[in-house]
Amino acid sequence: MRGSGFKRVVLGVAASLLLPLGVAVTGSGTATAAFDPSGFDFWVDSPVMGPIKSRIFRAADGNTNRVVYALDGQRAGENLSGWEIDTNVAQVLTSWNINVVMPVGGMSSFYADWNAPSSFFGVPGGAGSSAQTGSGVTEVLSAGPGKSYRYDWETFLSNQLRWALRDRLGFNPNRNGIFGLSMGGSGALTLAAYHPDQFSYAGSFSGYLNISAPSMRELIRVAMIDAGGYNVDSMAPPWGPQWLHMDPFVFAPTLIANNTRLWIAAGSGTPMQQDLDIPLGAAADRLIRGGPLETLALANTRAFQAQMNFLGAQNVVWSFPPAGLHAWTNWQDEAYRMIPDMSANIG
């Protein structure tokens, strides 16, 4: 598994097979569930979405001033965040005396306020079986989050959850941090741009930060179908105000004007050593899925970097490690790199 020839072959096959299919915006690696008993469930009602669970991890020193939100990727599950399942980032953050908020759920939502519940051809979600088949094409009419109701994630995170954390736990509602991977990276920048009093810091790992670029909407369309059977047209009409509201390339001037401290990262699309030091089949699967996905994320992130540089941004740390797939190995290590900078810019 260490030979460079094998890596090149697998990555080449991945690029040739997956990129033409538009499998490009999924945000989850292979997971082995790992419940962390140091966290606790925190339920808050959304007037639109109903009860929403977050997982809370308290700062080691007991402070309530330093708060960070960690957003999941496109295949976000309904029980635990991928950050809890696949990484130890919560424990590292709490050791830095930072309180961690992990919202749970929001598959394919981009943590946005949607235009309507997800549906296809005028048929409401839930008309089919609620079983999760693993194939989004068979789930387009199935029940699920955001199908019988409209996703309202930006409002929930910036309003209902924010004030419930203050009122019930005493958490500081201002100068918080927020970061996420893939879909969650895009969502983190959106929330920071439009809610600068709440978020003084935002991090994007492998985010899709130029979603109005040619073909990106259709790539997102295919990825949303694959990740739970969701319809991008229910999220926002093409290139209207609601769509542009979610595009970091478009709202880059707002991030600069707010002087939001940013950490923007993407891997190279080549594997880290820990991606190879696993059984052959698992390593091949990670390479085939994660290489092309990260290559697209890197292209989007570089376009965002060019836009920010053109605008004269001085509020960004850029991180482009020489290796990194669209996988939790990459995102966990990137979080480690980010934490000291984030710690100095929240609270």
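**Before you start**

This is a predicted model, in which local features need pLDDT of at least 70 and side-chain atom pairs count only at pLDDT 80 or more, while totals for chains, interfaces and linings use all residues. Residues are numbered from 1 along each chain as its sequence is written, and side-chain values use heavy atoms, with hydrogens and water left out.

**The whole chain**

Show the protein chain as a cartoon. Its secondary structure comes to twelve helices and ten strands. Helices (H or I, at least four residues) and strands (E, at least two) are DSSP runs, numbered from the N terminus. Of the 347 residues, 55% are buried. Buried means under 20% relative accessible area, exposed over 50%, and partly exposed in between (1.4 Å probe, protein chains only). Among contacts with a separation of 6 or more, 78% join residues 24 or more positions apart. Contact means heavy atoms within 4.5 Å.

**Helix α9 and its partners**

Select α9, residues 248-258, and α11, residues 280-310. Their axes come within 10 Å and cross at roughly 40°. Axes are lines fitted to C-alpha atoms, for helices over the stretch in contact, and angles run from 0 to 180 degrees between N-to-C directions. The two helices are therefore oblique to each other. Angles under 35 degrees count as roughly parallel, over 145 as roughly antiparallel, 65 to 115 as roughly perpendicular and the rest as oblique. The crossing of α9 and α11 is right-handed. A crossing is left-handed if the near helix is turned anticlockwise from the far one by less than a right angle, and right-handed if clockwise. Show the side chains at the contact, including Phe 249 and Leu 255 of α9 and Phe 304 and Met 308 of α11.

Residues of α5 including Leu 189 and Tyr 194 meet residues of α9, among them Phe 251 and Leu 255.

**Aromatic rings**

Turn to the rings of Phe, Tyr and Trp. The structure holds 16 aromatic pairs. Rings (for Trp, the six-membered ring) pair if their centres lie within 6.5 Å; planes under 30 degrees apart count as stacked, over 60 as edge-to-face and the rest as tilted.

Select Tyr 69 and Phe 199. They form an edge-to-face pair, 5.3 Å centre to centre, with 80° between the planes. Tyr 69 sits in strand β3 (residues 67-71) and Phe 199 in strand β8 (residues 199-205), 130 residues apart. Both residues are buried.

Move to Trp 318 and Phe 320. This pair is stacked, at 6.4 Å and 10°. Trp 318 is partly exposed at 24% relative accessible area, and Phe 320 is partly exposed at 24%.

Next, select Trp 83, Phe 179, Phe 205, Trp 328 and Trp 331. Ring pairs link them into a cluster.

**Charges over rings**

Show Arg 168 and Phe 42. The charged end of Arg 168 sits over the ring of Phe 42, 4.1 Å from its centre. A charge sits over a ring if NZ of Lys or CZ of Arg is within 6 Å of the ring centre and within 35 degrees of the ring normal. Then show Arg 217, which lies over the face of Trp 243, 4.6 Å from the ring centre.

**Two loop residues**

Finish with Trp 239, in the loop between α7 (232-235) and α8 (241-244). Trp 239 is not a glycine, yet has a positive phi of about 55°. Trp 239 is partly exposed, at 44%. Asn 259 lies in the loop between α9 and β9 (261-265). Asn 259 also has a positive phi of about 55°, and is exposed at 57%.
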